[in-house]
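The points below may be read alongside the sequence and the model.

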Amino acid sequence: MSVIGVEGEERLDYTKAESAQIRRRSLRLLGSLLFPVRWSVVVAMLVVVVSTAAQVAGPALIAYGIDKGLPALLEQDWVPLAATGVIYLVTGITGALLIAWYTVLSARISQAVLIDLRKRVFLQTQRLSLEFHESYTSGRIISRQTSDLDAIRELLDSGINQLVQGLLYMAFTGIALVALDGVSGLVLLVALVPLLALTRWFQVRSQHLFRQSRTASASLIVQFVETMTGIRAVKAFRTEKRNEGVFGKLVESYRLVNARVIQLFGVFDPGLILIGNVTVAAVLLVGGFRVADGQLAIGALLAALLYTRRFFDPMEEMAMFYNSYQSAAAALEKISGVLEEQPGVPDPVTPVDLWTSKGAVQFDNVQFEYQADRVILPHFSLTLEPGQTIALVGSTGAGKSTLAKLISRFYDPSHGRVLLDGVDLRDLHPKDLRRAIVMVTQEAYLFSGSVADNIAIGKPEATRSEIEAAARAVGAHDFIVGLPGGYDTDVNKRGGRVSAGQRQLISFARAFLADPAVLILDEATSSLDIPSERLVQEALQTLLSDRTAVIIAHRLSTVAIADRVLVMENGIIVEDGTPDMLISGTGRFARLHAAWRESLV
Amino acid sequence: MTTTAPQHPPHSIPTPAARSNTFRTLLRLYPYAKPALPRLGLGMLAALLASLVALAIPQVLQQLVDGALSQGDTAPIWPAVLTVLGLGVLEAGMIALRRWFVLVPGTHIESRMRNALYARLQDLPVTFHDRWPSGQLLSRAVSDLNMIRRWISFGLVLLVVNFLTIIAGVVILLSMNWILGVIFLVCSIPIWIYGYVFEEKYSVIARRSQDQSGDLATAVEESVHGIRVLKAFGRGSFALKSFASQAEELRGTEIEKARAIAGIWLWLLLVPDVAFALCLVSGVWLTSQGQLSVGELVAFFATATVLRFPVESIGFLLSMTFDTRTATDRFFDILDTPNTITDPPRPVTITSPRGRLAFENVHFRYADSPERFPDLLDGVNLVLEPGETMALVGLTGSGKSTLTALTTRLYDVTDGSVTLDGVDVRALRRDELRRHIAMAFEDATLFSASVRDNVLLGRPEFAERSPQADAALAEALQIAQAAFVHDLPNGVDTLVGEEGMSLSGGQRQRVALARAVAAAPAVLVLDDPLSALDVNTESLVEAALRRVLASTTALIVAHRPSTVMLADRVALLEAGRITAVGTHSELLATSPHYKFVISSLEDEERRESERAGEAL
Ligand SMILES: Nc1ncnc2c1ncn2[C@@H]1O[C@H](COP(=O)(O)OP(=O)(O)OP(=O)(O)O)[C@@H](O)[C@H]1O
Ligand SMILES: Nc1ncnc2c1ncn2[C@@H]1O[C@H](COP(=O)(O)OP(=O)(O)OP(=O)(O)O)[C@@H](O)[C@H]1O
Ligand SMILES: [Mg+2]
Ligand SMILES: [Mg+2]
C-alpha cells in the first residue's frame, strides 16, 4: 500500500521510508506556502533580530552600570551611570516597539499563508472527482479544512513568534555570554548535548502520536457532521443514545491520544528546565572559584549567571513551539495528501475550446462501472442529435442517472469516449463543458443563503430580473414572492426552509437560468404536485425547443414532449424510438406506458 | 456559498463586557471542571512552588556574592552550588508535577464538555437545527472546546501562578529595598490600565473571529455537501470566490486581533524595561550612598529578571483567557438554548398502542413566519382510525410534510393537539412516541453504514445479528421491494456511502421505506414514499405495503393517483385545513380542488387528442 495522496492516511505503521516521504511532501508544501511571503519573512526576522538584540543588551548594561557606573559615581562622576540608564531606556523602548510591530507583521504573514492554504484545499476539494468524495467522506474533507487548519494556524500564530524570538534570543544570549566569559560559554556548549538528545527523543515519539491525533479528530468530525446532517432521522429512529455511545468512544480515543501527547510533553518540558538549571549551577561553580581567585569580576559573574538563565528562559516556549510544530506537521501531512491527490476526472492538459455548442452528444463504445467488478453500463454506443428532446425511462437502478452523469462528466467512462459536438469531454475546456452541459441532479441541493443566490448559481452574473424571469418560467415565482422575504428569503441549510417541491422548482430555475446547449433533468419534477408539474412541462416545451435535452422521469407524462424515448434495463438500452412508435408497439415501453395510464385516474 | 454576509442566529456580538463578566462566564465551566479541581489546585501549588524556587535562586546567589566571594573565600562555593543545583532540580520536578496534575484532567474536562454538547445538540429540536448553520456547531464542538481545554490546563494555571509570582516577587523586591520596589510598582500602573482597555477591545474581536471561523466552516461544509450542484454547473471557482471573501474577512479580524495583542505586548515589554532603567540608576546611586550593598543590588536585579517572563506572559495569557471566555460563551449559546420539545415531567405510556391518530384543531406556524401570514396549518381536524390508511393530498408547499412532522414531535403544534390513542403526543416520552410512530421522509437521509444497519435503525434490539433480526430485515426489504440489495457487492452488508449516495435514487428511497417498515410501529407516516420509483416497482411496493397496512395505521403523503390508491381514505389539505375527506372516487366527484390537485387525466387526454389532431 502506497502513501501517495490520501491513501493509507489512517495507517499508523508507516515504514521509515514512507514516513520520510510524507514529511518531505509536507515540507515541500510548507515551502511553497512560505515562498510568496519570503520577503515579509525576511523583514520580520530583521525586526526580531534588532529587537532581540536590544533586549539582550539589558544584563550587559546592568553589569556595566554596576561595575563602571558605581566606582565613577563614588567619584562624583554621574556620566557613566546616566549614560547607561539612558541607553537602557532607549534599547528597552526600541525593543518593545519593534516586538509590537513584529507581532502585527507576523500575523500578516501567518494569515497570508493560511488563506493561501485554505484556498488551495478548497479548490482542490472542488477539483477532485465524485468518486474521491464518495470514498473519502465529507466529514474527513471538512476536518482537513477545519481542525487540521486550526493546528497549522496555532503554529503560525504563536509558534513562529516563539521560534524566531526564542532562537534569536538564545543565539544572542549565547554570543553575549561567550563574549563576556568564554569559560561560561563552554559550559553552555556542553549543555547543548543533552538538550538536543532530549529534543530528538520527543520528536520521534510525538510524531507518531500527533498523526494519531489528526486521525482521531477526523473520525470525531465525521461522526459529528453525519449526525447533524441526518438529525431528523436520528430523532425519528431514536438513535440519540446509540450515537452518544459511538461519539463518546471517539471522544475518548481522541482524548487518550491527546493525553499521551501531553504526558510526553510533560517529560520533555521539565527535562529542558532541568538541563537549564544544572547549567546555571555549573556556571556558578566554575565562575565562583574564578571570582574568588580574582580572575573574574563579580559583575561579570552575575551577568554570566543572568545570561545563562535567560538562555534557558525561552526554553519552555521553544518546547511549546516544537509541540505545536509537531502537531501542525501532522496536519500538514494530511493536507498535503489531499493536495497531492490527482483528480479522477482531470482537467485537460491542452483543452479544446468550444465557444458555441450545437449539443450533439455521442457515446462511443462506452462502458462504465463504479467499482471494478460491477459493470453498470455494459459496452454501448449512442448518438443524441442536437436539439432532440430525449426521454430516458426504465426501472429504478437501471443506470439512468449514471448515463446522465457520464454526459455531464461527473465520471469518465472506463472504456470508450463521450463526445460533445465531436470533442471528447476529456479534452473539452471545463468552462465550455459546464456552459454547454448542465444537469439538474436527482437530489435538489440548496445552499444556505437567499433564494436569489441559489438560482444565481446557474449564472452568477445574472441580474435580479433575469433571476425572476427564470423563476417565472418554471412556475416558481408565485411561491417565492409568498415567502416572508421574497427572493431574499434565506432558505436555511440544505434548503430546509422550503418544501421538497419548492426545492425542485428552485433547482429547476437554476438550470433554466444557465441556459445550456444540453440540459439533463434527472427526476426534476418527482416531488411536484400535478398542477406544478403541468406548468413545468409547458415551460419545457418552449425551453427545450432549441436545445438537446435528456429527461429522466418515472412519470411518463414527460414522454409526451419527447422526440425520442430510450428505455433502459440493467444498464442496457433495450428500446429506442419515437414515443408514438414505441407506444403503439408491443415492447416494454408499450407495457410500461399502459401500466402508467392505468395508474392515472 | 452565500454572497450576502452569513447570518448566524446568536447574532449576539457580546456587549463589551466588564471584567466581572469574563470571570462569571468562566465560572460557568465549574460543573465540568469540578472533578478535576483538586488536581488543578495541586497543579497550581506545584507551579507556585516552582516559581518560588526560581525566585529563591537569586537569593542564594546574593548570599554567595555578598558574603564569601567578596572576601575571596572559596569555602561556601560548594554548598551554594549544591543549593542552587538542588533548587534547580526542585523547580524542574515541580514543573513536571504541575503538568502531571493538571494536563490529563484537562482532557477529561474537554471530553465531558464535548459529549455534553453533542448530547444537547441531538436533544434540541429540529427548529434549532434548521436555524443554526452546521459549521457554527462544528467549530464549537471542535476548536472552541480545544481552546477551553488548553486554557484550563495551561492558561488558567499559569495566569494564577504568574500573578502570585509577580506579587511574591514584588514583595521580595520591596523587602529588599523599598525605594526600588516602589519604583518598580509605580511603573506597572499603565499595565493595569491598559489591561482594562484591552479586554473590551479584544473580547469583541475574539468573538467575531470565532464566529467567522464558524461561518467559514459552514462554507466548507456546504461546498462539500453541495459538490454535485457545484460540479453540475461548473461553479467550483465561483464558490471559491465567495469562500475566499469570507476567508478574507476572517483574515482582517485576525490581523485586528494581532494589533490588539501588539498593543498590550508593547506595554508589557516597555514597563519592565523602564523600571529596570530607573532602578539601575537609582540602585547604583543608593549603593554609592551606602544604603545598599553591591550584593543586594545584584540580588535585586536577579529577582527582577525572574519576574520579567511572568510579566510578559500576562499578555498572551490574558488574550488566551478572553478567547476562552468567548469560546465559553459560544458553548453556552447552545447549552442555554431552551429546548422547546422535551419529555413531559410525568409521562404517560401506551402499553399496546392501537394506532388511532387524531389531529384536533391543529395549528402550526413556523417561528419566522411574519404576523401578516395566517397559520400554515390553520385548524386541522383529521382522525385516522386504527388500521386505517389515510392519504394526504395537497399542493406543493401546502404543509403536508409539516403536518407529518407534528406526529412525532419534530415540531410541536402551536395550538390544538395531536393525539395517539387519545393521548396527547406531548404527554408521551419522545422515545416512546417515536417507537409507536415511524417515519419515512421525502428525502431518504440514510447513514453511511451497511444496508442492514440502515434498515434496522429503528430496532436497537436487533443491533446484534440474530435469526429474528435477519427475519425482520428480510421482511422489511421484501415489502419495500429492495431485493436489489442482494446484488450489491456485499449484499446487506454493503456500505451505502454517505447519505446513501452510492445507491440510485429509487434504491435509496426503498431502503428508507424498509427502515420505516422494519421499525414495526403502530403508525406509519410516509412522506411521498414512492416518488422515485418507476411504475412497475411502485405497484409491487404497493401490493406488498398493503399487507402491512392492513394492520397498521398509516398516513401517506401523496402526489400521484397511484399512491393514493394505497389508501382507504384521502384527506385534502387546502389553505391550512383539511377541506375534504373521503375515498378517492368520492372526492373526485365532489371536490373540484381535489380534482385539480390529483388528476392529470384530462391533461393527458387533451395531449393525446392534440397528437391525434396533428397526425391527421
Ligand atoms: N456512486 C455509486 N457508487 C457505486 N454504485 C453506484 C453509485 N451510484 C449508483 N450506483 C449503482 O449503479 C446502479 C445504477 O444507478 P443509477 O443511479 O444510475 O440508477 P437509476 O436508473 O438512476 O435509478 P433511479 O431511477 O432509482 O434513480 C445502481 O445499482 C446503483 O446501486
Ligand atoms: N423550516 C421551515 N421554516 C419556515 N418555513 C418552512 C419551513 N419548512 C417549510 N416551510 C414552509 O412551509 C410551507 C409548507 O412546507 P411543507 O414542506 O410542509 O410543504 P409540503 O406540503 O410538504 O410540500 P411538498 O409537496 O413540496 O413537499 C412551505 O411554504 C415552506 O416554504
Ligand atoms: Mg437516478
Ligand atoms: Mg413535503
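1. In this predicted model, S401(A) has a relative accessible area of 15%. Because buried means under 20%, S401(A) counts as buried. Q442(A) is likewise classed as buried, at a relative accessibility of 17%.

2. Which residues come nearest to ligand 1? Of the 21 residues around this ligand, they are S401(A), T402(A), S504(B), G506(B) and Q507(B). The site is shared between chains, because residues from both chain A and chain B surround ligand 1.

3. The side chain of S504(B) places an N or O atom 2.7 Å from an oxygen atom of ligand 1, and the side chain of Q507(B) has an N or O atom at 2.7 Å from an oxygen atom of the ligand. For G505(B) a backbone N or O atom is involved, at 3.3 Å from an oxygen atom of ligand 1. The protein buries 97% of the 620 Å² that ligand 1 exposes when taken alone.

4. The elements that give two or more residues to the shell around ligand 1 come from both chains: strand 1 (361-371), strand 2 (374-384) and helix 12 from chain A, and helix 16 (505-518) from chain B. By class, this shell holds 13 polar, five nonpolar and three charged residues.

5. Which residues come nearest to ligand 2? Of the 23 residues around ligand 2, they are S499(A), G501(A), K400(B), S401(B) and T402(B). This site too is shared between chains, because residues from chains A and B surround ligand 2.

6. Several atoms of chain B approach the oxygen atoms of ligand 2. A polar side-chain atom of S401(B) lies 2.5 Å from an oxygen atom of the ligand, and a polar backbone atom of G399(B) is 2.9 Å from an oxygen atom of ligand 2. The side chain of E442(B) contributes an N or O atom at 3.0 Å from an oxygen atom of the ligand. On its own, ligand 2 has 640 Å² of accessible area, and the protein covers 92% of this.

7. Helix 17 (500-514) of chain A and helix 12 (400-407) of chain B are the elements that give two or more residues to the shell around ligand 2. That shell comprises eleven polar, seven nonpolar and five charged residues.

8. The domain assignment of chain B gives domain 1 (28-335) and domain 2 (357-446 + 520-615). The C-alpha centres of these two domains of chain B lie 59 Å apart.

9. A further point concerns E199(B), which lies in helix 8 (residues 189-225) of chain B. Is E199(B) buried or exposed? With a relative accessibility of 2%, E199(B) counts as buried. The side chain of E199(B) is joined to that of T22(B) by a polar contact of 2.4 Å.

Key. Residues are numbered from 1 along each chain as its sequence is written. Chains are lettered from A and ligands numbered from 1 in the order in which they are written. This is a predicted model: local features need pLDDT of at least 70, side-chain atom pairs count only at pLDDT 80 or more; totals for chains, interfaces and linings use all residues. Side-chain values use heavy atoms; hydrogens and water are left out. Buried means under 20% relative accessible area, exposed over 50%, partly exposed in between (1.4 Å probe, protein chains only). A residue is near a molecule or strand if one of its heavy atoms lies within 4 Å of it. A polar contact is a pair of N or O atoms within 3.5 Å; within protein, one must be able to donate a hydrogen and the other to accept it, and residues adjacent in sequence count only if both atoms are side-chain atoms. Accessible areas come from the Shrake-Rupley method with a 1.4 Å probe; for residues, only the protein chains shown count as cover. Helices (H or I, at least four residues) and strands (E, at least two) are DSSP runs, numbered from the N terminus. Ala, Val, Leu, Ile, Met, Phe, Trp, Tyr, Cys and Pro count as nonpolar, Asp, Glu, Lys and Arg as charged, and the others, Gly among them, as polar. Domain bounds come from an automatic or database domain assignment.
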